[in-house]
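The following paragraphs lead through one protein model, from its overall composition to individual residues. Please keep the sequence and the coordinates in view while reading.

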Amino acid sequence: MTKIDKALSLALTGHDGQYRKYSKLPYVFHPIEVATLLSSVGFKDEDIISGAICHDLLEDTGVPFSLLKEQIGEIAAQYVASLTFKKGCGLTKQEYLDGFHKLDINVHAIKIADRICNIRDFQRFDNQKAAQ
């Protein structure tokens with residue numbers, strides 16, 4: 001299995017039973033959309049794509065960092081950890097955000113793709129709501 005295959009397997013298992021807040025689609029569609037967006041604009045590296053697929057696992061599921069690292073490797077797991085804010089980590093949300101600019105450009109790319117996909121999800125929800 002490739003890193004991407006392992007990332008997909010982790011995301012499918014970790015997000016099982018979770019749904020997007022507005023669209024009510026299975027949650028796993030979101031990280032796959034993030035990875036697809038990055039790939040469509042030229043990001044092909046397995047670490048970036050794997051990190052994108054797993055970007056919400058540490059924050060939203062019980063998947064531990066050690067399993068993430070074992071399955072998708074140190075670099076991709078660090079991307080995910082960099083994107084994760086955990087309450088009780090010793091930082092406020094603002095302190096976490098203040099240090100975000102110092103992170104690897106690939107972490108920023110994943111975060112931007114995540115935000116774009118969130119906006120798309122809101123738009124789909126608004127369009128569905130308007131059609132009702």
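A residue is called buried when its relative accessible area is under 20%, exposed when it is over 50%, and partly exposed in between (1.4 Å probe, protein chains only). By this criterion, 39% of the 132 residues of the protein count as buried. The model is a predicted one, in which local features need pLDDT of at least 70 and side-chain atom pairs count only at pLDDT 80 or more, while totals for chains, interfaces and linings use all residues. Residues are numbered from 1 along each chain as its sequence is written, and side-chain values use heavy atoms, with hydrogens and water left out.

The predictor's confidence in each residue is expressed as pLDDT, from 0 to 100. Its mean for the protein is 88, and 85% of the residues reach 70 or more. Helices (H or I, at least four residues) and strands (E, at least two) are DSSP runs, numbered from the N terminus. The protein has eight helices and zero strands. Confidence is highest in α3, at a mean of 98, and lowest in helix α7 (residues 93-98), at 67.

Contact here means heavy atoms within 4.5 Å. Among contacts between residues at least 6 apart in sequence, 62% join residues at least 24 apart.

The interior can be described through its nonpolar core, a set of buried Ala, Val, Leu, Ile, Met, Phe, Trp, Tyr and Cys residues joined through side-chain atoms within 4.5 Å. The largest such core has 28 residues, of which Leu10, Leu38, Cys54, Leu68, Ile72 and Ile110 touch the most other members. Two or more residues each are given to this core by α1, α2, α3 (46-53), α4 (57-60), α5 (65-72), α6 (74-82) and α8 (105-131). The largest share, five residues, comes from α8. Beyond residues up to four places away in sequence, leucine 38 touches Phe43, Ile48, Ile49, Ala52, Ala109, Ile110 and Ala113.

The structure holds zero disulfides, a disulfide being a pair of cysteine sulfur atoms within 2.5 Å.

Glutamate 33 lies in helix α2 and is buried, because its relative accessible area is 18%. Arginine 20 belongs to the loop between α1 (3-14) and α2 (29-40); with a relative accessible area of 12%, arginine 20 is buried. Apart from neighbours within four places, arginine 20 contacts Leu25, Pro26, Tyr27, His30, Asn118 and Asp121.
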